[in-house]
Amino acid sequence: MENNNNQVTGELKSGNKKQVRLFYCMECEELARKVAAHSQLITLQSINWRSFDDGFPNLFINNAHDIRGQHVAFLASFSSPAVIFEQLSVIYNLPRLFVASFTLVLPFFPTGSFERMEEEGDVATAFTMERFYFGDHVLPLFETGIPLLKQRLHQLSDADKIVVAFPDDGAWKRFHKLLDHFPTVICTKVREGDKRIVQIKEGNPTGCHVVIVDDLVQSGGTLIECQKVLFARGAAKVSAYVTHGVFPKCSWERFTQKNNRSEKGFAYFWITDSCPQTVKAVENTAPFEVLSLAGSIADALQI
């Protein structure tokens with residue numbers, strides 16, 4: 001739902017609110033239940049996610065006859081290549097069961113950032129998946145998690161001292177219009193010898209609670225360098241928000257109070273539940289807080 005990483009696709013239907021039958025992958029069960037809890041018009045459906053002895057999927061859509069003529073959705077999670085094939089099998093099969101409409105909900109599109117070929121031989125894996133999503137028969141609908149962040153920021157005791165920081169010009173271009181009522185700081189990377197260091201390009205963080213905003217985090221190195229620079233320039237607190245907490249190889253651990261050697265760690269680290277494996281890993285672990293996309297997804301399913 002964030003830029004090309006976060007998508008809800010399907011037929012757009014007009015008229016009265018509709019009953020939606022929501023299927024989901026195993027990773028997304030908790031999020032699916034939260035989505036259904038937001039609306040009496042959304043009913044959860046189940047799939048038997050089994051495997052043959054050789055490891056290939058042996059799938060069964062329960063009560064397939066009951067979804068004929070119904071609005072059907074599937075909540076997917078492409079967290080690793082190992083789970084994509086079985087979900088694609090379901091995605092291609094569900095619309096063939098004589099349904100009224102089919103909507104694919106994909107909170108995070110992992111290959112979305114690999115869309116450029118810099119040299120001969122590069123494979124832009126984003127296009128491999130996008131051929132399905134952006135065919136002529138599919139209408140993409142993009143949503144953002146920023147309203148969840150704004151709601152949370154207004155709940156803070158120091159809400160009047162919030163400054164939003166962007167780690168680079170790309171993040172500023174993506175988000176500044178959605179956060180234009182907050183003072184801003186823009187960071188940039190400059191080369192010094194063989195190193196690239198983070199500096200503040202514009203804005204003043206002195207005495208403020210600065211919230212670094214970006215679309216996703218992998219290792220988190222850039223966020224940590226931004227944090228150091230912001231504290232050095234007088235920030236009272238530093239927090240972070242990313243829509244997609246990818247954190248490969250448990251890199252989220254470097255942000256915990258246990259592993260953060262700095263006396264001034266992150267006050268808060270907000271993520272959404274677009275990456276279910278990360279949500280489970282950081283549960284009840286400071287400074288992480290999860291802002292759920294369930295309400296946004298429930299609303300989008302009524303379009």
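Good morning. I begin with Asn-284, which is placed in the loop between H7 and E15. The model we are looking at is a predicted one. In it, Asn-284 is exposed, since its relative accessible area is 78% and anything over 50% counts as exposed. Its backbone also deserves attention: phi of Asn-284 is positive, at about 60°, although the residue is not a glycine.

The peptide bond that joins Ala-286 and Pro-287 is cis, with omega about 5°.

Lys-249 is located in the loop between E13 and E14. With a relative accessible area of 85%, Lys-249 is exposed.

Let me now step back to the whole chain. The chain contains 8 helices and 15 strands. Of its 303 residues, 48% are buried. The accessible surface amounts to about 15,800 Å², and carbon and sulfur atoms contribute 49% of that. As for contacts, consider those with a separation of 6 or more: 70% of them are between residues 24 or more positions apart.

Which residues does Val-20 touch, leaving aside its neighbours within four places in sequence? They are Leu-41, Ile-42, Thr-43, His-71, Ala-73, Leu-301 and Gln-302. Take Gln-302 from that list: it is 282 residues from Val-20 in sequence, yet the two C-alpha atoms are 8.2 Å apart in space.

Next, please turn to helix H1. Which residues of H1 are buried? They are Leu-31, Ala-32, Val-35 and Ala-36. These residues cover an arc of only 140° around the axis, so they are on the same side of H1. What do the buried residues of H1 pack against? Their partners are strand E2 (20-24), E3, strand E6 (71-75) and helix H8 (294-300).

Is Ser-39 buried or exposed? It counts as buried, because its relative accessibility is 17% and the limit for buried is under 20%. The side chain of Ser-39 also reaches the backbone nitrogen of Leu-41, at 3.0 Å.

I come now to the aromatic residues. A pair of aromatic rings is described by two quantities, the distance of the centres and the angle of the planes. The model has 11 aromatic pairs. One of them joins Phe-247 and Phe-288: the ring centres are 5.8 Å apart and the planes stand at 85°, so this pair is edge-to-face. Phe-247 lies in the loop between strand E13 (237-245) and strand E14 (269-272), while Phe-288 is in strand E15 (residues 288-291), so the pair ties together parts that are 41 residues apart in sequence. Both partners are buried: Phe-247 has 4% relative accessibility, and Phe-288 has a relative accessible area of 9%.

A further pair, Phe-266 with Phe-269, is tilted, with 5.9 Å centre to centre and 50° between the planes. Phe-266 and Phe-269 are buried as well. How do these rings belong together? Ring pairs link Phe-247, Trp-252, Phe-255, Phe-266, Phe-269 and Phe-288 into a cluster.

Arg-152 lies over the face of Tyr-268, 5.5 Å from the ring centre.

Asp-215 is buried, because its relative accessible area is 10%. Asp-215 and Tyr-241 are 26 residues apart along the chain, and their C-alpha atoms are separated by 8.2 Å.

Thank you for your attention.

Terms used
Residues are numbered from 1 along each chain as its sequence is written. This is a predicted model: local features need pLDDT of at least 70, side-chain atom pairs count only at pLDDT 80 or more; totals for chains, interfaces and linings use all residues. Side-chain values use heavy atoms; hydrogens and water are left out. Buried means under 20% relative accessible area, exposed over 50%, partly exposed in between (1.4 Å probe, protein chains only). A polar contact is a pair of N or O atoms within 3.5 Å; within protein, one must be able to donate a hydrogen and the other to accept it, and residues adjacent in sequence count only if both atoms are side-chain atoms. Helices (H or I, at least four residues) and strands (E, at least two) are DSSP runs, numbered from the N terminus. Contact means heavy atoms within 4.5 Å. Accessible areas come from the Shrake-Rupley method with a 1.4 Å probe; for residues, only the protein chains shown count as cover. Rings of Phe, Tyr and Trp (its six-membered ring) pair if their centres lie within 6.5 Å; planes under 30 degrees apart count as stacked, over 60 as edge-to-face and the rest as tilted. A charge sits over a ring if NZ of Lys or CZ of Arg is within 6 Å of the ring centre and within 35 degrees of the ring normal. The arc is that of the directions from the helix axis to the C-beta atoms.
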